[in-house]
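Please look through the structure below with its sequence at hand.

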Amino acid sequence: MKKSFALAYALLLIGQLLICNYFHFTPYLVLTMLPTMVLCIPSKHDTSVALVVAFVSGLLVDFLAEGVIGLNVTALVPVAFCRKWIIEKVFGEDLFSRGDDFSIKRYGLGKVAMAIILATSLYLIIYIAADGAGIRPFWFNTLRFFGSLVISFVLSICVADLLNPDDRK
């Protein structure tokens, strides 16, 4: 039985809402799986679908958890816009032409990790810049970026494996 991507995505979005509401331990960390969720949107969907999904996902997280309307939208929509470029550069241009999706088993942990790091870095750079609005010192933003990247990466590897399993037997 094949898993439904939409259902898994919705459950992970609820998980992100719970993380934002209940697991905010320090201002130095932003724990997010949203960039990886957008990156894992099936390749049969074009950029416009990814942009709409990213916008709605970001708006839901902003409205129901974060409290600053537009913060996640501002950071997540560029990830959706660059999604195809990131996937083509990391996994090759033929992935989209074949209609395949990437998985850890098929492409290896190194390539999937690189794609997740690129998407999450783009998200965090925009998120931290918009959240700080130029009032936080550079050292704080740098520490927040690298700490958030490490902790979000660990969570995102699990998310990528859940959303894009290798169904080949």
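**Surface, cysteines and core**

Ile69 has a relative accessibility of 52%, so this residue counts as exposed. The model is a predicted one. Ile69 sits in the loop that lies between α3 (47-66) and α4 (71-91). On the surface, Ile69 belongs to a nonpolar patch together with Val52, Phe55, Val56, Leu59, Leu60, Phe63 and Leu64.

The cysteines come next. How many disulfides does a search of the whole structure find? The search finds zero. A disulfide is a covalent bond between the sulfur atoms of two cysteines, and the cut-off used here for that pair of atoms is 2.5 Å. For Cys20, the closest cysteine sulfur is that of Cys158, 17 Å away, and therefore too far for a bond. Cys158 in turn has its closest cysteine sulfur in Cys40, at 12 Å, which is also too far for a bond. Cys20 counts as buried because its relative accessibility is 16%, whereas Cys158, at 54%, is exposed.

In soluble globular proteins, nonpolar side chains tend to be buried together. Here the largest nonpolar core has 47 residues, and those that touch the most other members are Met37, Val38, Leu39, Phe91, Phe102 and Tyr123. At least two residues of this core come from each of α1 (5-22), α2 (34-39), α3, α4, α5 (94-98), α6 (104-107), α7 (109-132) and α8 (138-163). The most come from α4, which gives nine. Apart from neighbours within four places in sequence, Tyr123 contacts Thr32, Leu34, Pro35, Asn72, Ala75, Leu76 and Val79.

Notes: Residues numbered from 1 in each chain as written. Predicted model: local features only at pLDDT ≥ 70, side-chain atom pairs only at ≥ 80, totals over all residues. Heavy atoms only, no water. Patch = residues over 30% accessible without salt bridge, like charges linked within 9 Å, V, L, I, M, F, W, Y side chains within 5 Å. Areas by Shrake-Rupley, 256 points an atom, 1.4 Å probe, with all protein chains shown as cover. Salt bridge = Lys/Arg side-chain N within 4 Å of Asp/Glu carboxyl O. Helix = DSSP H or I, 4+ residues; strand = E, 2+ residues; numbered from the N terminus. Buried < 20%, exposed > 50% of the residue type's maximum accessible area, 1.4 Å probe, protein only. Core = buried A, V, L, I, M, F, W, Y, C linked by side-chain atoms within 4.5 Å. Contact = heavy atoms within 4.5 Å.
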